Amino acid sequence: MHPLYIQNSLSRKKELFEPLNAPHVGMYVCGPTVYSNVHLGNVRTFLSFDVIYRYLEFIGYKVRYVRNITDVGHLVGDADEGEDKIGKIARLQKIEPMEVVQKYTNDFHDVMRVFNILSPSIEPTATGHIIEQISSIEKIMENGYAYEVNGSVYFSVRKFSEDYPYGELSGRKIDELMNNTRDLDGQSEKQDPLDFALWKKADDSHLMRWPSPWGIGFPGWHLECSVMSTKYLGEEFDIHGGGMDLKFPHHECEIAQNIGANKTPNPVKYWIHGNMLTVNGRKMAKSEGNGFTPEELITGNHKLLERGYSPMTVRFFMLMGHYASTLDFSNDALQAAEKGLTKLNNAVEALGKLQGASEDNNDIDIKALSDKCFAAMNDDFNTPILIASLFDGVKTINSAADGRIELGEGQIEDLKKLYSGFMIDVLGLVSEGSERAEGSEDLSSNLLDLLVELRADAKEKKDWSSADRIRNTLSEMGITIKDSKEGSSWSHE
Ligand code: AMP
Ligand code: ZN
């Protein structure tokens, strides 16, 4: 097995990856809250973890990948007071909360498919685990880290921090937090402003509600991830991921809950945080109004977009950045990605046609290239370095295709294995499927219509040479122009 190093957000160090129970790996990633269409920023986070998942499997681990769907408990404003994000849409549209959930879960799945992001092994929902959440709250209460007030239950951060550290992941000091957090209106039933809800009493207007030992209510947002990760991966597991913006309070609260319920001081061995997709330096977010949907991206139908880009171009653009760095969206960067990907794809196509010699070319070292590719990914999943290495190999392939050098049969086979392994299995860059084909069919038929019009214009101006040139060129491509009283049209021969 290759030595893999992962930047652990908890220790802030690059650490050798040693799973608790190799070759098995447990990985939990916070999934979407399904109350709106997915934007491209969300896609980036799920894509980053898709490549991590793919690479772990590629080097031989058997990964149980759990990525949840948040369908209750995430309140507007991300705090403990206010309306449920999903409940609010349901109220405004006069539909069932579960209709909202279904609609946006379908959208999320469609988008994941378009970008070739693999499904997780388990995709649990918060509403499907209410019983487990209630019993977890009971355990936390028994351990003395939670209290009930008026039908709601809160986690006591102060009590917890007497026994365990709180704030390590996000680097916050509890005393500073206590001093800096003012008591906002409506939070008065908490003993401390830092405390967070495990269970909230549902008032009459609240649509999603369940019976509990504390009355009718609903679970707090952070609890589902603690409960579902423990249920499917155990009290201690290998990797927990999510977007950087979830570090505090969400992941900090998750850690406290896991420890508070199970008394396991290190519930997660490696924390991995994906960085944000930005637009002009600002996080892409629904609330910023700078988020576009994947559909807008593909069609180009958005003010930030000069034109449309294919899903694989976008995937490649994102992988040209390291997951832990911010990535700024721009048309220039997408166009550069498009060119780069075409160059790679052309080289892979040329590779497929290469005829090998019986002897290896001793000037070319395919093993060294392969080692570089693995070394890049083993260094905290460094996809930009991997891509740079794949481009190094393109020079060799193109030289062989041009006849400037000759490669041995075995070397060609090794290159094929390397490129299909890293490009398809690890980076997930597949040749564009039906979306691209449909799009390019539209494009070529529009172009043909345009050429037919240009020929008609030329004829009207008695520019016979241009008119003939258009007809002859199209004829060479297998397209016939027919002239009739109604005008001209084209067809495939
Ligand atoms: P949400 O549905 O808001 O809970 O977000 C789902 C996931 O998308 C979370 O892991 C967020 O961290 C992530 N996310 C949200 N905005 C961005 C962004 N601009 N760039 C990258 N990831 C994001
Ligand atoms: Zn979560």
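Among contacts in the protein chain between residues at least 6 apart in sequence, 72% join residues at least 24 apart, a contact being heavy atoms within 4.5 Å. The model is predicted, with local features needing pLDDT of at least 70 and side-chain atom pairs counted only at pLDDT 80 or more, whereas totals for chains, interfaces and linings use all residues. Residues are numbered from 1 along each chain as its sequence is written, chains are lettered from A and ligands numbered from 1 in the order in which they are written, and side-chain values use heavy atoms, with hydrogens and water left out.

The C-alpha atoms of the protein chain fill a box of roughly 90 × 65 × 35 Å along the principal axes. Of its 493 residues, 50% count as buried; buried means under 20% relative accessible area, exposed over 50%, and partly exposed in between (1.4 Å probe, protein chains only). The chain has 16 helices and 15 strands, where helices (H or I, at least four residues) and strands (E, at least two) are DSSP runs numbered from the N terminus. The division is into domain 1 (15-274), domain 2 (278-426) and domain 3 (451-492), with bounds from an automatic or database domain assignment. The C-alpha centres of domain 1 and domain 2 lie 34 Å apart, and the contact takes 28 residues from domain 1 and 32 residues from domain 2.

The largest nonpolar core has 91 residues, of which Leu-40, Leu-390, Tyr-419 and Phe-422 touch the most other members. Such a core is a set of buried Ala, Val, Leu, Ile, Met, Phe, Trp, Tyr and Cys residues joined through side-chain atoms within 4.5 Å. Helix α1 supplies the largest share of this core, 10 residues. Because domain 1 (15-274) and domain 2 (278-426) both give residues to this core, it lies between them. When residues up to four places away in sequence are not counted, Phe-422 touches Tyr-55, Phe-58, Cys-373, Phe-374, Met-377, Leu-386, Leu-390 and Leu-427. Another core, of 39 residues, lies apart from the largest one and has Ile-174, Cys-253, Ile-255 and Trp-271 among its members.

The zinc ion (ligand 2) is coordinated at 2.0 to 2.2 Å by Cys-30 (SG), Cys-225 (SG) and His-250 (NE2). Donors are N, O and S atoms within 2.8 Å of the metal (3.2 Å for Na, K and Ca); water is not among the atoms, so sites may look incomplete. The sequence spacing of the donor residues is C-x194-C-x24-H.

Four strands form an open antiparallel sheet in the order β5-β6-β7-β8, two strands being paired if DSSP finds at least two bridges between them. At the edges, β5 (146-149) and β8 (217-219) each pair on one side only. Neighbouring strands of this sheet are turned by 20° against each other on average, direction ignored. Strand β7 (residues 196-201) pairs with β8 in the antiparallel sense over three bridges, and Lys-200 has Phe-218 in β8 as its bridge partner. Helix α4 (residues 130-142) lies across β5, β6 (152-155), β7 and β8, running at about 120° to β7. Axes are lines fitted to C-alpha atoms, for helices over the stretch in contact, and angles run from 0 to 180 degrees between N-to-C directions.

Thr-125 is placed in the loop between α3 (97-114) and α4. At 25% relative accessibility, Thr-125 counts as partly exposed. Its contacts are Ile-69, Asp-71 and Met-228, not counting residues up to four places away in sequence. The C-alpha atoms of Thr-125 and Met-228 are separated by 8.5 Å, with the two residues 103 residues apart along the chain.

A further open sheet consists of three strands in the order β12-β11-β13, with mixed pairing. Since β12 (282-283) and β13 (327-329) stand at the edges, each with a single partner strand, one side of each is left without a neighbour in the sheet. Strand β11 (residues 277-279) and β13 pair in the parallel sense over three bridges, and Val-279 stands opposite Phe-329 in β13. Helix α10 (residues 311-319) lies across β11 and β13, at about 145° to β13.

Strands β14 (residues 479-484) and β15 (residues 487-492) pair in the antiparallel sense over six bridges. The two form a hairpin with two residues between them, and Ser-484 has Gly-487 in β15 as its bridge partner.
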